[in-house]
Amino acid sequence: MVENKGKSQKEKGKSQVKIEVKELNIWFGKVLALKSLNLEIQSNEILGVIGPASSGKTSFLRQLNRLNELEAGFRMEGEVLLDERDICRIKPEHLRKNIGMIFALPQVLPISIYDNVVYGVRMHDGKSKSELDAIVEDSLKASFLWDEVKDRLKEFATKLSGGQQQRLCISRTLAVRPEVILFDEPCSGLDPISTAKVEESMLRLKEQYTIVLVTNNTKQAARVADRTAFFLMGELIEIDKTHKIFTAPQDKRTEDYIQGRFG
Amino acid sequence: MKLRQIKEFVIEKLIFLSGIASILFVVLIFVFLLKEGIAFFREVPAKDFIGGKYWYPISDPERFGILPLILGSLLVTFGAILVSVPVSIACAFYISEVAPVKLKDILKTGIEMLAAIPSVVLGFIGMTTLVPWVKKIFHLPTGLTALSGSIMLGLMAMPTIISISEDAINAVPKSYKEGALALGATRWQAMYRVVIHAALPGIIAASMLGIGRVIGETMAVMMITGNAAVIPQTFLQPVRTLTATIAAEMGETVHGSNHYYSLFAIGIILFVLTFIINITADMFLHRNKK
């Protein structure tokens, strides 16, 4: 990670490619879920991914940390490169440590808040108590949850509200120190205030992390994403700076979707 | 209009009767057992019956101590648990988490077939293959031992434990496993740190049901455990179980004698044992649902 930072400073001026997708095709059984996808994700950007149901946006996201492989009938062609390395050559557990994921429904475990945060860390390597304490504090601060829970770290995490639980899941992912974070419709079950808090933490996180955000809420993409990609029926229709997508889309279908004419 | 209401009434009552029948039968069986067995406890106090070390029902004076039988049953059951539970849980995990889809179907069918083998056939196979083997390996005068019974009964309990555990593992929400994997867990870590915890109540219930079957099993056990009513010291000696005692002696006892009633009393003990096991299993299954 230190090397990477040095490199990015040397190459200042041109933005650095974190993830590169080349000619990616994905099948589930006989269904082609993603058709010859080509795109790049820059370091420290938030890439928003929008599109109607079964447009392939979730398949795309789950390909980045290779969760698609768990499905029966999965088959792929093409390449996904993380820092110029083919992700299929990285051990899945190492890849997923580097590319964390936040799910639509927060999955907190029925154990204490503290234990939830260090759950992933404990799986990877032995850390001392003081190191763990520091990780817990840092991770909870990064997701803006620290002030709300610092006095009750030993309480059951299941007592937290939905929005707090989702931010706890973000902390848990941050605790294993990833470089990229994937958000899979992270606010679909949250109220507007919790949503605002999650979005706020995303904007703060992009200073250190690369973020891919799949969302059904086009307005959310407009609020937080630097660039936005529009998927339809397994194809990437358009990818550009967010304000361009929302003000002057090149493709008629993008315009129709954003204005809510279908989807 | 009237006809429709009558039809509705009749069907409703029929369904109610079918539903209540199973409970009614259990109650009737229990009442019958009690009626026949209780009389016996007037002759022999329950303490002497359960705690007595000697089972000589037809000598003079007759002695009805079933401690050797209870210990025999428990020993064989305990051995069967050791044999079947670890293997079954591993097998259930293999089927639901590791095996490829095609193999999964073959294995599930195979296990259901295993459950369908009549116990007398298993006893027969055990008698001709396992028993000589045990005799040879441990240099024993006879291979008809608690160990042989435990192995055979373990095999018999496996289909129940495997198929119910497998259901419990399948019922664990996929998101739990994905959550662990997304944090960088290996397949094995996700399995033992997340899936097994979530499925544990179901797995325990499955094991209890399997054990319930082992305690109640008669035929195979009678054929391969040697049936010596002595308090067992090791796995390598013949034992006699509660069930085998009833099955073997019911045919030759005099109707209405103390011996006859004592067998019903053994039935009560057995009923209580399996009842406790099933209730415990049920409690775990229900806790799982909450």
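Let's start with one pair of residues in this predicted model: Leu81(A) sits opposite Asp86(A), which belongs to β5(A). Around this pair, strand β4 of chain A, covering residues 74–82, joins β5(A) in an antiparallel pairing that spans two bridges.

As background, strands of a sheet are held in pairs by backbone hydrogen bonds, in either a parallel or an antiparallel way.

Now let's follow chain A to where it touches chain B. Here 18 residues from chain A and twelve residues from chain B make up the contact. On the chain A side, at least two residues each come from α3 (92–98), β6 (99–102), α4 (113–124) and α7 (162–175). Of the elements on this side, α4(A) gives the most, with four residues. Sorted by class, the chain A side that touches chain B holds eight nonpolar, six polar and four charged residues.

Our last stop is chain B itself, which is divided into domain 1 (2–43) and domain 2 (55–289). The C-alpha centres of these two domains of chain B are 30 Å apart. The domains do meet: nine residues of domain 1 of chain B are in contact with eight residues of domain 2 of chain B. On the domain 1 side of this contact in chain B, six residues are nonpolar, one is polar and two are charged.

Definitions and conventions: Residues numbered from 1 in each chain as written. Chains lettered and ligands numbered in written order. Predicted model: local features only at pLDDT ≥ 70, side-chain atom pairs only at ≥ 80, totals over all residues. Pairing = 2+ DSSP bridges. Domains from an automatic or database assignment. Contact = placed C-beta atoms within 7 Å. Nonpolar A, V, L, I, M, F, W, Y, C, P; charged D, E, K, R; others polar.
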